Structure formats: C-alpha cells, structure tokens
Amino acid sequence: MTGNQQDNGPKHKRDLTRRKVVVAGAGAAVAVGTGVALASGAFADETSTAGTDTTSEACYKLTSETTEGPYYIDADKIRRDITEDKEGIPLTLQLKVIDSETCKPVADAAVDVWHCDALGIYSGYESLSTGGGGGSGGAPTDAPTGTPTDSPSGTPSGTPTGEPPSGAPSGGTGGGGHEEPTDDERYLRGTWRTDKHGQVTFKTIFPGWYRGRTVHIHTKVHVDGTWTDAGYEGGHTCHTGQFFFDEESVLASAEVEPYSTSTTERTTLTEDTIYDQSGTAGGLLKLKYNRKNIAKGVIGSITMGVDPATTNDGTSL
C-alpha cells in the first residue's frame, strides 16, 4: 500500500501499525517549512497560498528537549491525517527537521506527533486523562488558582505542572515513567517520513487543554533507522519536544465549540513549566489563521534544529 493510498482510503484501513505497513510514496510529501504555506495538493481539501524562498534559510538553534510525558505510544500509526473523527478547529502542522550544526535537512527521519483532543483527553489513556467538558458559560480564560495536590514541593501557588495526573508517580510531575495504554483508541497520533527537504506535514485539530499544562503537541524525531516493508526499524530518537501556541490563538479557540464547553482550568503559556519561553527554539509555532474566524482552520509551522548524533528520548528529564 502506498502512502497516498493510505491517506485516501477508509479510516479502518489507514490505521496500520509501524510494524505492518510499507511506508512508500513519502517523496510525495509536500515541501513546506517555517513560514511556508501549504503547496497545492498537500491534502485534497486545501488550496495553495503564497510561500517564501527557503534557499537562504538561516541555521536554527538547537531545539529544546522536553519530557516525553507518560502518554507516548511508539509510532503506532503511520499516517499524516491523524484527525479520525475528532471534532475541533482544523490544524495543518508543517514541520521541518534540520541538522542544527550543518543546517542541512534531515531526510528519511520518522517524526511522531501526538496530543490531546479539544477537551483534554488523550487517546489510549482516556481513563487517565483529566480533561473536562459540558460546562456552561464558556471556557475559562485565566490561570488556575490555588495549589494543586499533585504539585511538587516548592511550586508557586497557581502553577501546577506536568501531564494529567493518573494516580501513578509519573502523572502530574511532568516527567517520570511511561504509563501503559488503557484503551485501544489512537486518534490524534501519527508518524510520517521526512522528505529530502526534511519536511513533513500532518493534518489534525487544534489541541485543547487540561489541568496543569498549556496547550501543546508532543513530538519525537527518529533517525538512522531504515524504512522497510515492515515500516521504520532501528535507529534512535534524536529529539523529543513539544510544540506550543501563543495566547491569542488559544483564547480565540476557546470561543469555538467544543473548546468553549470545557470546564477545565487553563494554564497560560507564560506559566507553563515545560515551555522554556525561548520562542521558536522552545517549540513555539508560527501560526496563520483568520483572526476573525479561527474556526476555518489554522496552519502551524516550525523548523526543528536537532543533533542527529545524540539520543534524546525524553524519559530522563
């Protein structure tokens, strides 16, 4: 099965594991980078917009490493459209991976992305997630108040940390061990191959929020492996990071259903204990959307500067 066939086929036939799929047709992945909008044909329902010349792109700083979090599932879905049937603001995620030392694109890397849904729930861990919805009066716009019971000693009041608490030591601390999946859902998770320009595009939805974390998307970059009939084998993880959204976009999303039904307290970007406040190097996405109607969709782009020779699996942070 080719990559294009996989994108266009029925959802139940696209949901294949890394170990069971032939990853072909990756060269058809659209050439996009930081500040470059989607080219025509990236996805059937998208239109072309003008881009910028990337031939003189400056070398990017080494992108910040972050915790993997407890809810990672190893490259479980080889696909670019990870939306499945989840409701939310359409998000096209344009990623580029370059060697931070040589500035050259990192081709044939396996890039993972995963994030919660519009109400803060992670697939595979629905019973452990702490998102919420169904409230009235719109989504909260302020930072949480009080000191959460799972905050580490010495954490300032009103600044909870970490992934959603699960009752296990790894939940609610931002790092620690991996949680085993509790269900078979895999929405909003996917893996795809970078093209010769180091570029890869995912189609998803704008994430929601949950207690203790600002809005974010997780990512991993795997290199030195081999794409085979079984998928992606071997190699190592050279980058584990997270992507972040500016406050203006998050507040705009909070006015749109189903985000507006959330009753969960929200942590702002400046209060998040994972984001290091360093802008692009820290994972802050460049966003494009209609400021008067974000519901029409968002394009988020970023270039990740990585060190392919190192191993950063995000499990010891």
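Okay, one thing before we start: what we have here is a predicted model.

Let's begin with the sheet. There's an open sheet of four strands, and the order across it is β3-β2-β5-β6, with antiparallel pairing. At the edges you'll find β3, residues 189-193, and β6, residues 231-244, and each of those pairs on one side only. If you look at how neighbouring strands of this sheet sit against each other, they're turned by 20° on average, ignoring direction.

Now let's zoom in on one pair. Strand β2 covers residues 110-114, strand β5 covers residues 216-228, and the two pair in the antiparallel sense over five bridges. To find your place there, look for Ala-110, which stands opposite His-222 in β5.

On to the cysteines. How many disulfides does the structure hold? One. As a quick reminder, a disulfide is a covalent bond between the sulfur atoms of two cysteines. Here the partners are Cys-59 and Cys-103, with their sulfur atoms 2.2 Å apart. And what does the bond tie together? Well, Cys-59 lies in the loop between α2 (11-14) and β1 (90-99), while Cys-103 is in the loop between β1 and β2, so the pair links parts that are 44 residues apart in sequence. The torsion about the S-S bond is about -130°, so we call this disulfide left-handed.

Are these two cysteines buried or partly exposed? Cys-59 has a relative accessible area of 35%, so it's partly exposed. Cys-103 comes in at 32% relative accessibility, so that one counts as partly exposed too. Then take a look at Cys-116: at 1% relative accessibility, it counts as buried. Cys-238 also has a relative accessible area of 1%, so Cys-238 is buried as well. The cut-off for buried, by the way, is under 20%.

Last stop, the backbone. Where's the cis peptide bond? Go to the step from Glu-257 to Pro-258, where omega is near 5°. Pro-258 has its place in the loop between α3 (247-253) and β7 (286-289).

Stay in that loop, between α3 and β7, and you'll also come across Gln-277. Its phi is near 65°, a positive value in a residue other than glycine. Gln-277 has 42% relative accessibility, so it counts as partly exposed.

Glu-84 is another one to look up: it isn't a glycine, yet it has a positive phi of about 50°. You'll find Glu-84 in the loop between α2 and β1.

That's the tour, thanks everyone!

Note on methods: Residues are numbered from 1 along each chain as its sequence is written. This is a predicted model: local features need pLDDT of at least 70, side-chain atom pairs count only at pLDDT 80 or more; totals for chains, interfaces and linings use all residues. Side-chain values use heavy atoms; hydrogens and water are left out. Two strands pair if DSSP finds at least two bridges between them. Axes are lines fitted to C-alpha atoms, for helices over the stretch in contact, and angles run from 0 to 180 degrees between N-to-C directions. A disulfide is a pair of cysteine sulfur atoms within 2.5 Å. Buried means under 20% relative accessible area, exposed over 50%, partly exposed in between (1.4 Å probe, protein chains only).
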